[in-house]
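Trainee: Could you take me through the salt bridges here, with a close look at who pairs with whom and where the partners sit?

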Amino acid sequence: MVGDDTVEGWLQGGNFCWETQKERYKVFFSAKFDRKFTSFGTWTDNKLTPNQRDAKLGSQRTGAWLTFGTEKNQVGASVGLSYTSIDGARLNRGAEQPKSFGKARKPPTTRGKTS
């Protein structure tokens, strides 16, 4: 967790269609939410750790969980991906995504135009 509204990290990908079962790579991500978490934590294998910001690698699965207040029914998120670094994911998140879902839904030729 980065601050009170962002989660960053990486996951292991690969083995597309089980070609040789050796193709492995990291996919880095940066996800920024439109409001702050009300609680958070991580898990490693089968152990949950509330209020921990960094998940330690385990032998099975590792990840994080977040909760948000109920003052709104929806949580907005902006996510960037990179095959090179978390910094690259942050840059892609900022450069490639419009600031609202409504703008993202419009075809690229109409983005930024007003009617």
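Mentor: Happy to! A salt bridge here is a side-chain nitrogen of Lys or Arg within 4 Å of a carboxyl oxygen of Asp or Glu. This is a predicted model, where local features need pLDDT of at least 70 and side-chain atom pairs count only at pLDDT 80 or more, while totals for chains, interfaces and linings use all residues. Residues are numbered from 1 along each chain as its sequence is written, and side-chain values use heavy atoms, leaving out hydrogens and water.

Let's start with R35, which forms a salt bridge with E71, their closest N and O atoms being 3.2 Å apart. R35 lies in the loop between strand 2 (24-33) and strand 3 (39-44), and E71 in the loop between strand 5 and strand 6 (77-82), so the pair ties together parts 36 residues apart in sequence. Strands (E, at least two residues) and helices (H or I, at least four) are DSSP runs, numbered from the N terminus. R35 is buried, at 9% relative accessible area, whereas E71 is exposed at 61%. Buried means under 20%, exposed over 50%, and partly exposed in between (1.4 Å probe, protein chains only).

The whole structure holds five salt bridges. Another joins R53 and D4 at 3.4 Å, N to O. R53 sits in the loop between strand 4 (47-50) and strand 5 (62-67), and D4 in the segment before strand 1 (6-14), so this pair links parts 49 residues apart in sequence. R53 is partly exposed at 32%, and D4 is partly exposed at 36%.

Finally, R90 meets D87 at 2.6 Å; both lie in helix 1 (residues 86-96), three residues apart. Shared partners join E8, D87 and R90 into one network of salt bridges.
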